[in-house]
Amino acid sequence: MINEETLKELAISKSEYELIIEKLGRKPNDLELGLFGALWSEHCGYKHTKKLLRSIKSTSINTITEAGAENAGAINIGSNKAIVMKIESHNHPSAIEPYEGAATGVGGIVRDIFAMGARPIALLNSLRFSNLKSSRNIQIAKGVVEGISGYGNCLGIPNIGGECFFDESYESNPLVNAMCVGIVDNDKILSARAERPGDLLIIIGAETGRDGIHGASGLASQNFEETIELRSAVQVGNPFLEKLLIEACLEISNLNELVGMQDCGAAGITSAAIEMAEKSNLGLEIDVSKVPVRESSMTPYEIMLSESQERMLIAVKENQYKNIFDILDKWDLKCSIIGKFIDGNDVIIFNNNNLISKTSIEALTSPPEYDLSKISKSYKHHKSNLILKNKYNSFNIETISSHLKNIFSSNNIVSKKSIYKKYDHHVQTNTILEPGSDSAIIRIKNTDKFLLFSCDGNSRYSLLDPKIGAEINIAESCRNISVLGGEPIALTDGLNFGDPTKPKGAFQLIETFKGFNNACDIFNIPIISGNASLFNEGHNSSINPTPIIGAMGIMNNKTKILNKNFLKPGDKIGVIGNFWGTDQGLSGSEFQSFFENETTGDISIDLEFEKQLQFCIRNLVRLGLIKSSHDLSLGGLIVALVLSTEKNHLGVELEKSVPNNWAGALFGEDQSRVIFSYDEKNYNEISNVLNDIQWEQIGTVTEKNINFENIIFESEDLFIRYNKGFSNDL
Amino acid sequence: MKIGIVVFPGTWSESDTHYATNDVLGIKSEYIWHKDHSLNNTDIIILPGGFSYGDYLRTGAIASFSPIMEKIISFAKSGGIVIGICNGFQILCESKLLPGVLMRNNSLSFVCENSYLKVNNDSLFTNKYKPNEIIKIPISHGEGNFQADKKIIDELEEQNRVIFRYSSKLGETTLDHNPNGSINNIAGISNKEGNVLGLMPHPEKACEKLIGSDDGLGIFKSIITTSV
């Protein structure tokens, strides 16, 4: 009988083991069990999320790939150009070894992009850490940032934006989601498949070592306490080698002899090669003795399951590898023919001339699919009520001022410059709007297009109500793009959740997909690629459910570039949506978390209104009627005003009195609000554009301070606090 | 007039440099591969930024021994114009075409930001700028902290060979505006003969107003006027 320890190490359940025997008609040998463990892991097999993923809107008139069919999703942007993009997590490795975990996370997502024949043109990332109060947390945050910097800067890909958020729910499990964007001519997109029997399977790049064995099945499928011992499962990156791989693979991609390309990532050769064969409807022969290895005496098991970084697989026409090898030689890259595609439906593995496994590809690549709705049935989601203290509902100048001052020491509010100045964001000379804005903007040379990108998530909302949280997630990512004039056309998602085999985790996943589906339908936007990282648990608690949305927008290069900053005194200020926040808007807000250390209450969003709002603000930008524009969200109205005046050291005069329920009014993060500034002479035209939507002119830009009719906030001190950055230097 | 842009494994600023010189300014530019043994009749050599050979061992150290560097060294010694940008500056120092070393930034961190530079326009690389003009050019490096012994620094200063200094927007060259700890806020220097320039900032990344600044073009404009 099989040892339970072995099954645990591979994250295979007993019933799954029995299913394997049933599918094979025999017991698997050790190597085969390893293959199943890898391919049936969540990371490769999506056994808990596949059903849900199928329900997602993943196509539009512009999409080129089918969701999940390739290394990343591709969308046509016109001018015979396609954008390829995807987000990927490296949470567990980063928890164990922050620098290398984050670095190899960047390496992995970049390989997914150039495997499609696309040149990587931008990186973004979304980071989640616990508070910076313990040295361990500081070390993790620092290590992750340094890792992204150390690896990404070496590649010559600009890191143009993203987000970083702190919450205690990430105490055991930091989240590191990296997003990469590439560009490729429509007719040159590569596929991760072979064409016909006889096509060769060639490995390129790093030698295969013992690092990262069981990364996919172990690290990504067990909770944190179990993985602390798995340090050797974290790979070590070599960004220089990756840079050579990018250039060599893109050069090779122009050759007719090349048939397909695939990143060798999670679960190593096992996943990469077998998935290629499966997509090609072909069988495959591999000889592990042909794989260049770093250490002698590596076993076939280790070679097949190693997750050594900086390796790619290519499929090449039979006997036509000479030109390809010449290019690899030019770049001083190692390569080796390790197998060939054959007729049939088996993967046949040799070690030299010894047959060591012959297994059905169909069996390997069809893990069981679990129905999460059965698991979540027993979970009852409790809505918590928002109870506000009296002091938050009685106007008192000192109390209000001190709260504003204090919230500008929250790591979630202050400037993130100390992070993004460690990332090269200028290389490739396309960056028009740098990190720190609502979204980043790059131009596409030799076209009439600007592209906009944002990467955003709000896990507190997802904790309070995962469905509405997911809707807000998409709405806000798109809003970040619309406020600068871009039309959102594609999304990629990073799903960071707890244990899906527990009712709560299953419930959160199901509800998140419901929210995504709603929002994608209403905004008519597809999710073209994505990644799931489950089992983010530790210390008997799981992370807040944290879906992350990476969004891409497009606009004409004649559009005037603006950002959140007010430009000069005398300009008028307007708000679309409600000017004042509400008490309900404090639910899941930074104010609530920072001052009351809780996340409670109800959240809501009106997606139809949101859609109309985004349409209107895009039009205002495109018509050149406004001078600045900003999504009014984290920190509420007052924080948005401070941030809009900070860059140019300005102030505002508002024709309003702060009401008694000041906390909600000033700090409420009610959805669907945009703040913008404009020249008074454009008022009538702006009114015409905003004819059918709720908006008002609320005041005037001045030289200093935020002046309401009944209270003045001196902003110079707030600017200093904002620019001081994090409580600990990252 | 032809510019040669040298590509080492790990270089990543070659296409940005090519775009700035060839596409924006219309100066014929071509790449020179590190394994080549000829400069292919180019009139100006640019060593662009990046991480040549991964910057393993020491920044610029391995590249300085690559085959093409022999040709570049003799080209420079016979008066040919050579510019090293960022990693290229590091390579020029390692090759002894320029004095000094570029040490780890004093913050111990990589830094990417727009830097303001005060220009010494008394050089063939900067004659298109106004005297003491303040220009905005991005920096992007982990090792840009220029250091040399006192004798060399004195010589650089006396011979007016400090071509760029980090400064404020208003031209103050104080420590507050020094991004990496470089001595005397040095951002770029020339050799004694005045035909070799090394600088940490990336002029090719400041090639169009749309991307934040076109202040870097003055360098390329200056050298082509000089060469013609």
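Begin by selecting Glu653(A) in this predicted model, and then look across to strand 25 of chain A, where Thr700(A) stands opposite Glu653(A). Widening the selection to residues 651–654 of chain A shows strand 23, which runs antiparallel to strand 25, residues 695–702 of chain A, and is joined to strand 25 by four bridges.

Next, bring up the whole sheet to which these strands belong: it is an open sheet of seven strands in chain A, with mixed pairing and the order 22-24-21-25-23-26-27. If you select strand 22 (628–631) and strand 27 (712–713) of chain A, you will be looking at the edges, where each strand has a single partner, so one side of each is left without a neighbour in the sheet.

From there, move to the loop between helix 15 (372–376) and helix 16 (397–407) of chain A, and pick out Tyr392(A). Is Tyr392(A) buried or exposed? Tyr392(A) counts as buried because 22 C-beta neighbours lie inside 10 Å, and the cut-off for that class is 20 or more.

Finally, show both chains and turn to the place where they touch, where 22 residues of chain A are in contact with 22 residues of chain B. On the chain A side, select helix 8 (135–155), helix 10 (239–252) and strand 13 (431–433), each of which supplies at least two of the residues that touch chain B. Colouring this side of chain A by residue class will bring out seven nonpolar, nine polar and six charged residues.

Conventions:
Residues numbered from 1 in each chain as written. Chains lettered and ligands numbered in written order. Predicted model: local features only at pLDDT ≥ 70, side-chain atom pairs only at ≥ 80, totals over all residues. Contact = placed C-beta atoms within 7 Å. Nonpolar A, V, L, I, M, F, W, Y, C, P; charged D, E, K, R; others polar. Pairing = 2+ DSSP bridges. Buried ≥ 20, exposed ≤ 12 C-beta atoms within 10 Å, placed from the backbone.
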